[in-house]
Amino acid sequence: GTTFDAVKKKGFVQCGVSTGLPGFSATDDKGAWKGIDVDACRAVAAALFGDANKVKYTPLNAKERFTALQSGEVDMLPRNTTWTYTRDTSLGLNFAGVNYYDGQGFMVTKKLGVKSAKELSGAQVCIQAGTTTELNLADYFRANKMEYKAITYDSSDETVKAFESGRCDMLTSDQSQLYALRIKLADPSSAIVLPEIISKEPLGPVVRQGDDEWFNLVRWSLFAQLNAEEAGITMKNVDEMMKSADPNVRRILGVEGVKGEFLGVDDKWAYNIIKQVGNYGEMFERNVGQGSALKISRGQNALWNKGGIQYAPPIR
Amino acid sequence: MSHNFVPLPDQPPPTASVGAIGWLRRNLFSSIGNTLLTLLSIYVLAVSLPPVINWAFIDADWVGVSRDACTSGGACWVFVSARFETFMYGFFPAEETWRINLIYGSLFLCMAPLFFDKFPYKVQLGAFVIFVFPIFGFILMFGGVFGLTPVETSQWGGMTLTLLLASVGCVAALPLGILLALGRQATNMPAVKSMCVLFIEFWRGVPLITVLFMSSVMLPLFLPEGVSFDKLLRALIGITLFQSAYMAEVVRGGLQAIPKGQYEAADALGLSYWKKMGLIVLPQAMKIVIPGIVNTFIALFKDTTLVIIVGLLEILGMVQNALNDPNWLGYSTEGYVFTAFMFWIFCFSMSRYSQALERKLHTGHKR
Amino acid sequence: MADETSERDIPAKPRRLTDPKFRALVFQILASITVAAFLFFIVRNTLHNMELRGISTGFGFLDRVSGFGILQSLIEYDESSTYGRTFLVGLLNTLLVSALGVFFATLIGFVMGVLRLSSNWLINKLATVYIETFRNIPLLLQIFFWYFAIGFNLPSPRQSITVGESLFLNNRGLYLPAPVFEDGFMATGLAIVGSIIAVIFLARWARKRFEATGQLFHTVYASLAILIGVPTLVYVATGMPMHLDYPTLQGFNFKGGLTVIPELFALTLALSIYTGAFIAETVRSGIQSVSHGQTEAASALGLRPSWTLRLVVIPQAMRVIIPPLTSQYLNLTKNSSLAAAIGYPDLVAVFAGTTLNQTGQAVEVIAITMSVYLVLSLVISVFMNWYNAKMALRER
Amino acid sequence: MIELRGVNKWYDKFHVLKDINLQVAKGERIVVCGPSGSGKSTMIRCINRLEEHQKGQIIVDGTELTSDLRQVETIRKEVGMVFQHFNLFPHLTVLENLALAPMWVRKTPRKEAEALGMQYLERVKIPDQAKKYPGQLSGGQQQRVAIARSLCMNPRIMLFDEPTSALDPEMIKEVLDVMIELAESGMTMMCVTHEMGFAKTVADKVIFMDRGQIVESNPPEEFFTNPQNERTKLFLSQILNH
Amino acid sequence: MIELRGVNKWYDKFHVLKDINLQVAKGERIVVCGPSGSGKSTMIRCINRLEEHQKGQIIVDGTELTSDLRQVETIRKEVGMVFQHFNLFPHLTVLENLALAPMWVRKTPRKEAEALGMQYLERVKIPDQAKKYPGQLSGGQQQRVAIARSLCMNPRIMLFDEPTSALDPEMIKEVLDVMIELAESGMTMMCVTHEMGFAKTVADKVIFMDRGQIVESNPPEEFFTNPQNERTKLFLSQILNH
Ligand SMILES: Nc1ncnc2c1ncn2[C@@H]1O[C@H](COP(=O)(O)OP(=O)(O)OP(=O)(O)O)[C@@H](O)[C@H]1O
Ligand SMILES: Nc1ncnc2c1ncn2[C@@H]1O[C@H](COP(=O)(O)OP(=O)(O)OP(=O)(O)O)[C@@H](O)[C@H]1O
Ligand SMILES: [Mg+2]
Ligand SMILES: [Mg+2]
């Protein structure tokens, strides 16, 4: 397909990421991008070029992201984007998978003393523009016959700051983001995340329609990470695992069986991903889990056989 | 009988009208209304200044490397000094920042003579700075030749990017603006004239953020499939087109200020249209419009903050980015104050410069 | 002369290629073709690219239900309204903030411009500091500054600053009692309109009388009396058919009444202070452009300073002030598009922002948005040209 | 009518007027001359308080000039002034220029004020220019309008500050003619000018100033034929040879 | 050299030139005079097509003036013009002003062009001003530079449009001297001027224009002593008495 060829030719993946969401995509003080979404792109680069660093990043805010992808400004958009019917069908986009199962939640200040979102009628809500959150919020309050006022900001920075200044009673966003945003508060412990989840938010990398080859590569880069976790292949042990007798492991690592050429890449594509980016679990823990400031538990994002719903088709 | 006129000696003026008292009376307490106003302003200043000064200077922390140094309760300038490098150079690799410094230094050396009245080669030097220097700067910034490590445009940022956007935007818009201004003056070609007018009015009528949005995310839609270029370059194209419309209006003002006799004399000598413009009219017009150009440059310089909207991190963007750093959360005021100060210094000194130029050009025009 | 006949035979028709008119024509055709081709190229590419990427086109989306709420709307709007209505809401919000901004910027600008010329050294310097500070700092920064300065310094709703239990100020905005009109209010409404008309007539009459008899009439006080007195009388006479809907604290927030949201407040403040600084400079140079001789001549004729200002200085200064002033208004309107940064729901925020994002129809949405601003600027510049033509000083 | 007693004025530390003593009787016509910078304009401007003096007394028509605004107003109603650069109001027509002060200061109805304006326009011989704007007139015409504008206020004293020095030679005559006519009608006048012909024709007294002082003050015959002071002689020799 | 046949010109609806017929032979020196607004400047500007005429023919040096660019170019190389307000280029030095046209129109190398410039500067007697800027010269010097600048193109015809009317009296002579010298060297000249002394000294023919028409055209002796036309008489009486 055109995108696949174009990416291969230019030698790097142009990756659309969020302008700054700790754990998902944010720069460290050296200016290097870090996060789950960033790793999604790195995985694709590792599969395609054997080098996870062949990625260039375009920070996008919520408003711009689809236009940027549609116009070809970026090759893939792993930017914590919810998979919805409209987006999948009318925008000319394809969702390649789900790298994070999320749901929309609320964050309120402790001082407010509420336990449930149901007590929030009449509340003023800070929210980021151009997200499904905006629509879910409207639905939720309408369904529960509650009133609200939404104050919509361009970027998450302003949203947090407005929340902090007391401009609104609560901040709503995907739960993962709530944790990420909470650490941006001057005093993170002053806010709590309410238990309610008001929507399904499957987040995943998006590509343009019309290039199945590219779509496959993005989708299977993610699946490879999930399969690797399931099979116990990690960044550390991947080299030893090359010698493993387990046929599943051998297939995943391209030692035998299925060939990389079906994806148009090297046989060691999955090996490269695991070696350089890690399996899904490692990626999760490093960016948003216990190894990070966010400390989000796996929850739904655990593998299917560990009580979660992350389930990848087998590589065979 | 005639006698000589001996002028009386000058006497000192009555004490009440000179010296400190005279000054105070004339300037602060000349009438009841003025006295009230003076007292009111003194009161307002007395109430509002001390807390600000306390916060910004007296209680402020200046030295240190981390937020632990900020304990006095005032401003934490440590944040600015710790992040100063990124504010200035963006994510330009630390070991390569000498290249940016070299650009600044050499630019300064090139510009310095322009401020001396006596310097004879102003025009040539100015042309060098405008046309040749950018190439030199571009090579240094971009690298990739002469053994310089290539640095991606996505790593450019901070004040460097601010200056780059504003100056490249301005320099590139100049020729386009001149053409547009000439086109707008071309009364014998109504079609060309109206196209120029349309172009100018279009760009002057739309907000810069929509232009930036268009250039950054929509441009690839307008181009043939597969054609794509750098994001920074696209923002620059947007800015240049936008700026050229303003430039055109400034240049038009200059062209209109050239007396008709100059055109006629050039015609009478047999100079063709382009020679007339290039040798006679434009050199004179450009001199007149320098203050105007500086003013549009200031406007553009301030407007570069809008590129955050398309994800380019100029100085304000860099500051906001630093505010996301978990180690430095909560120092946004310091960050914004610092940014405001940087912009103010640049804009204020440039506007003073342009005012001085204007005065120089209009000497003898006072009442 | 011998060669007279041959000279007469020289063809009067010029050679085509060297005829400037012909050249101009050819050049214009070429230029038009180039531009047309360029536009065609872009449109074709865009259509092709959109088709290729499966992006839907057309303006049908304007009839679809938007499904999101907007913080402030001047017309009826809720989640089940269409995107078309979203556009209207955004446009009206843009116009609102622009109008407020223009009003206050003009006010600040004129006051500061005059103070800048004050003979009081301190006032003069303070005005200079104001102008030089706010002109030279990017507007976006100033918007952030005011917004968060207000947000962090005002109390929460429960600790609102109150005036007489009907006016509340807190970090959610300014809450005012809203008038609710009952059936009989029509009469009062008419009285208001009537007294406005009366005041206009009064002003005309006062002018006529002044011209006829030289008697000055203090229209200001009389007008105020009419404007306030007559409607009040009618209102009381008809049995006060209006009550106020007071804002009350319910749960976390105030309900009822009128609300001025802090976004509107901060944006208006930032826009007027920023633009005010530019207007002040315009006003200053306008006033200074009136030569000192004019004021002297007026004083020598015995005109009081206030009349001198009104009859001699201002009319002349306005000619100089108005053209740059209109372009400042235009700038202010365009700058109001920075609203999105602090969550004020203007056209760019709700239409070129949320709507664009929900529908993905960037080309249409941006085209509509740009056209709106173009039309606004066109209106302003038409006014300016009309004014310039009207006011041009007649000279020989 | 006008009396200056020991008037002193300083610009900052610069002593412009030094102990000026001068009396002008009703109907008297004074011409003031002297080298540039000698304080002629300053003196005449002090008389209707366009400038403030710092020491001494100025008494005009029985009223002493102090910083009391009402007195300044009274005096300005009585004293007309014509400037070197006309200072007509460019945004008003000639007739509006003339009618402005009567309407606003004397509260004359517009009709009457305009009739008055026309009357003075006729006196300065340009009634046909009434509807034009000052910018459309020649310099001489503008100065005549300026004179008419002052006259419209019915002043008892007229001050002129070099009324002809910004004019082309052809136009000087038309303005001087108007001034001579005015002088002959018995108006009290003080005129700064270097038109010595005018001084000889109409002046009752010629005053010569230098360095802020009145050096000589004499009737014109005496002033021109027999100047008392060396400084005056020098000045006259320069001016008359020109 | 120059022939005008039934030339007519309109500004919008205003008929400025009415059926002008005129022949100027090689080496002839014509002086054009007439009241202000009579179309003198317009006529002379038509000859090197700074203005376009709308009817009739203008033939200069055998070439008819049409809108053909090359013909206009040829003619402008042959015809030099000197304006009332000099119109020197203020951003160039005197020498650069002189060398500009030879360099860019005749493609003369800079050295030669400058040598040429110096030569003509000597002819107008100000070689020492070569390095100065026009703004630093007096009006008379500027006008002489303007003449030299035209001469540098080696024109066969020189047009002058009131070359001395913006000058102070002392400077008029120095410019006229240069013009007389030029006339004596045999240059074909057409000169709009009211300097009747000049006309008497050098003109072969004096042309009097009024309201866009040539009223009289005669050798100077005849023109001044025995004007044929009432209008001319009136004009001459005004001008000579002035
Ligand atoms: N506003 C002012 N501030 C300071 N000095 C002034 C001011 N106005 C006038 N002067 C000085 O006062 C002196 C007298 O000025 P004045 O205008 O009265 O002279 P003048 O006799 O009218 O001269 P001229 O013939 O040139 O008009 C001059 O030296 C002048 O420089
Ligand atoms: N560009 C123009 N547009 C309209 N009318 C013009 C224009 N130029 C000149 N005129 C008019 O054409 C007439 C002739 O002008 P021209 O300049 O030829 O007169 P002139 O004889 O040279 O007068 P002067 O002695 O004042 O220079 C005048 O009435 C003038 O107002
Ligand atoms: Mg004076
Ligand atoms: Mg002329």
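Predicted model: local features only at pLDDT ≥ 70, side-chain atom pairs only at ≥ 80, totals over all residues.
Figure 1. Residues are numbered from 1 along each chain as its sequence is written, and chains are lettered from A and ligands numbered from 1 in the order in which they are written. On the chain B side 55 residues are in contact with 49 residues of chain C, contact meaning heavy atoms within 4.5 Å. Of the seven pairs of chains that touch, chains B and C have the most contacts.

**Figure 2. A salt bridge between chains B and C.** The rule finds one salt bridge across this interface, that is, a side-chain nitrogen of Lys or Arg within 4 Å of a carboxyl oxygen of Asp or Glu. B:Arg352 forms a salt bridge with C:Glu132, and their closest N and O atoms are 3.1 Å apart.

**Figure 3. Two edge-to-face ring pairs.** Over all chains, a search of the whole structure finds 44 aromatic pairs. The rings of A:Trp220 and A:Phe223 have centres 5.0 Å apart and planes at 85 degrees, so this pair is edge-to-face. (Rings of Phe, Tyr and Trp, the last by its six-membered ring, pair if their centres lie within 6.5 Å; planes under 30 degrees apart count as stacked, over 60 as edge-to-face and the rest as tilted.) Both residues lie in helix α8 (residues 212–231) of chain A, three residues apart, about one turn of the helix. Helices (H or I, at least four residues) and strands (E, at least two) are DSSP runs, numbered from the N terminus. A:Phe223 is buried, at 10% relative accessible area, while A:Trp220 is partly exposed, at 22%; buried means under 20%, exposed over 50%, and partly exposed in between (1.4 Å probe, protein chains only). In chain B, the rings of B:Phe301 and B:Phe343 have centres 5.3 Å apart and planes at 65 degrees, so they too are edge-to-face. This pair links distant parts of the chain, 42 residues apart: B:Phe301 is in helix α12 (residues 273–303) and B:Phe343 in helix α14 (residues 332–361). B:Phe301 is buried at 0%, and B:Phe343 is buried with a relative accessible area of 0%.

**Figure 4. An aromatic cluster and a charge over a ring.** A:Tyr153, B:Tyr336, C:Phe144, C:Tyr147 and C:Phe148 form one aromatic cluster. The charged end of A:Lys161 sits over the ring of C:Phe148, 4.9 Å from its centre. For this, NZ of Lys or CZ of Arg must be within 6 Å of the ring centre and within 35 degrees of the ring normal.

**Figure 5. Two loop residues of chain E with positive phi.** Most residues other than glycine have a negative phi. E:Asp12, although not a glycine, has a positive phi of about 55 degrees; E:Asp12 is in the loop between β1 (2–11) and β2 (14–24) and is exposed at 80% relative accessibility. E:Arg211, again not a glycine, has a positive phi of about 45 degrees. E:Arg211 is in the loop between β9 (205–210) and β10 (213–218), exposed with a relative accessible area of 62%.

Conventions. Heavy atoms only, no water.
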